[in-house]
Amino acid sequence: MTRIRRLSAAVAATALLAAAGAVQAQDADVIRAAEQARDTALAGNVALDYVTQITTRFGPRPAGSEAETAAARWAADYLKTLGFQNVRIEAFPLVGWERGEESGAIVGPRPQRLSVAALGHSIATPRGGVEADIVRFDSLEALNAAPAGSLNGKIAYVDAGQMVRMQDGSGYGPLSRIRSAGPSAAAAKGAVAFIMRSAGSDEHRMPHTGTTRYVDGRVPLPSFALSAPDADQVSRLVAMGETVRIKLSSTARTYQTESHNVIGDIPGAQRPDEIIVLGSHMDSWDLGTGAIDDAAGGAITIAAAKVIMDSGRRPARTIRVVLYGSEEVNQPTDTGNGGGAYVRNIGEGVARHIVAGESDFGADRIYGLGLPPGSAATDFGRIAARVLQPLGVLPGEPELHGGVDIGPLAAAGVPVFGLRQDGSRYFDLHHTADDTLDKIDPAQMTQNVAAWAALVMLIADSDVDFRATRPATAEH
């Protein structure tokens, strides 16, 4: 791409550059093209079509299931129909998990049913279930501090309180840590099962599932999440001095299978070996239909790339959409699931990946832009901020790690960017039976597509080198 030699007065006004002669990595035509992509996406795009079709045709898509496999094949055909090139499906081995039947109840003189969901990859209870008194803890730290053997024959129950509702979703981390590490911590103290308050911000009687962690190749205990109202009920009984006895049952099982990444390209015209990855994931949990987590992410990235494809301007760099398999579940070994499989398969080609971004936080509006460290104060960063400002997207903190899917790319040294979505209601729905198509706001999803299309167009037709702008001390 040629450097800018002159700008018309109209284009200079559009760019609104901070200093005379500041444009170094962007051509006036690129700025106009990015603005046009933004505005075209706002007028119409394929995002709602994709998310409607995949959630309706296949419903929930648990990692490694027949539904995920069928959805991957369908998505590959969908990308081909849209005009993507080099469309392929990458298979990789996986330990799958099937929920089976589950139940929970307070037993004794005043029995009550409980709304529970087994945690992902939790083992089954013995036939007939497990029944025991509970011991309540208000944190993972308190559980870890319990004396060895103090939970022999008991059910460990962790209620760390309701998740704090935050726009950036930062209230989720402390509770997801309990879900991940709690079962093994409980087993180490002698417990026969583990339950926790759901990792969610809602007060609905719909428990949030989610994966737990393997330790030494296995999940040691039957493990469950309680819906928020049920967690409140159990904790109130404990506070009243009652001995709470609970019966839990699960027929969950694991099995050997495989999952799939679906990949499609818009090959670059001048520098096809320089690759921009737009990531999301194909799999979902089994309680809902995985609309916000994460069919919406696939819809947004596919639609943004399609807007660029149809712009009449072939990008200089290759734009690659990746629908990753098996994002939602941990594995007995640290394989990185779909993201890890992708990095292993590209090998030394990781050096040709100039940047990656991930859409995996629902479909509500984007409010912030996180560029790789050192990029925000460059000419590219100033131009990107200007192009995204009409959408209500403002520059924010640098993006360091990406999400689960592009995390392996980031760990391999690939710079990552983030278009930060409003997560205020995301954890009301996340990993529940309420994650369904009707929860998507088409107007907000369209704003996402517009932001992605504009930013990716700028990156694809620039000569920005995010590795070069990264400070020597920046994390990756």
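## Serine 326

Serine 326 counts as buried, at 0% relative accessibility; buried means under 20% relative accessible area, exposed over 50% and partly exposed in between, with a 1.4 Å probe and protein chains only. The model is predicted, with local features needing pLDDT of at least 70, side-chain atom pairs counted only at pLDDT 80 or more, and totals for chains, interfaces and linings using all residues. Residues are numbered from 1 along each chain as its sequence is written, and side-chain values use heavy atoms, leaving out hydrogens and water.

Serine 326 lies in the loop between strand E12 (317–324) and helix H9 (337–346). Helices (H or I, at least four residues) and strands (E, at least two) are DSSP runs numbered from the N terminus. Although serine 326 is not a glycine, its phi is positive, at about 55 degrees.

## Other backbone exceptions

Most residues other than glycine have a negative phi, and most peptide bonds are trans. Asparagine 86 is not a glycine, yet has a positive phi of about 55 degrees. Asparagine 86 belongs to strand E1 (residues 85–98) and is partly exposed, with 47% relative accessibility.

The peptide bond joining aspartate 293 and aspartate 294 is cis, with omega about 10 degrees. Aspartate 294 is placed in helix H8.

## Serine 284

The loop between strand E11 (271–281) and helix H8 (291–309) holds serine 284. Serine 284 has a relative accessible area of 2% and is therefore buried.

Contact means heavy atoms within 4.5 Å. Apart from neighbours within four places in sequence, serine 284 is in contact with Pro60, Arg61, Pro62, Ala63, Thr289, Gly290, Asp293 and Glu328. One of these, Asp293, is joined to aspartate 294 by the cis peptide bond.

## Packing of H3 and H8

Helix H3 (residues 47–58) packs with H8 at an angle of about 140 degrees, and their axes are 8 Å apart. Axes are lines fitted to C-alpha atoms, for helices over the stretch in contact, and angles run from 0 to 180 degrees between N-to-C directions. H3 and H8 are therefore oblique to each other: angles under 35 degrees count as roughly parallel, over 145 as roughly antiparallel, 65 to 115 as roughly perpendicular and the rest as oblique.

From H3, the contact is made by Ala47, Tyr50, Val51, Ile54 and Thr55. From H8, it is made by Ala291, Ala295, Ala296, Gly298, Ala299, Ile300, Ile302 and Ala303. The residues of this contact divide into 11 nonpolar, two polar and no charged. Ala, Val, Leu, Ile, Met, Phe, Trp, Tyr, Cys and Pro count as nonpolar, Asp, Glu, Lys and Arg as charged, and the others, Gly among them, as polar.
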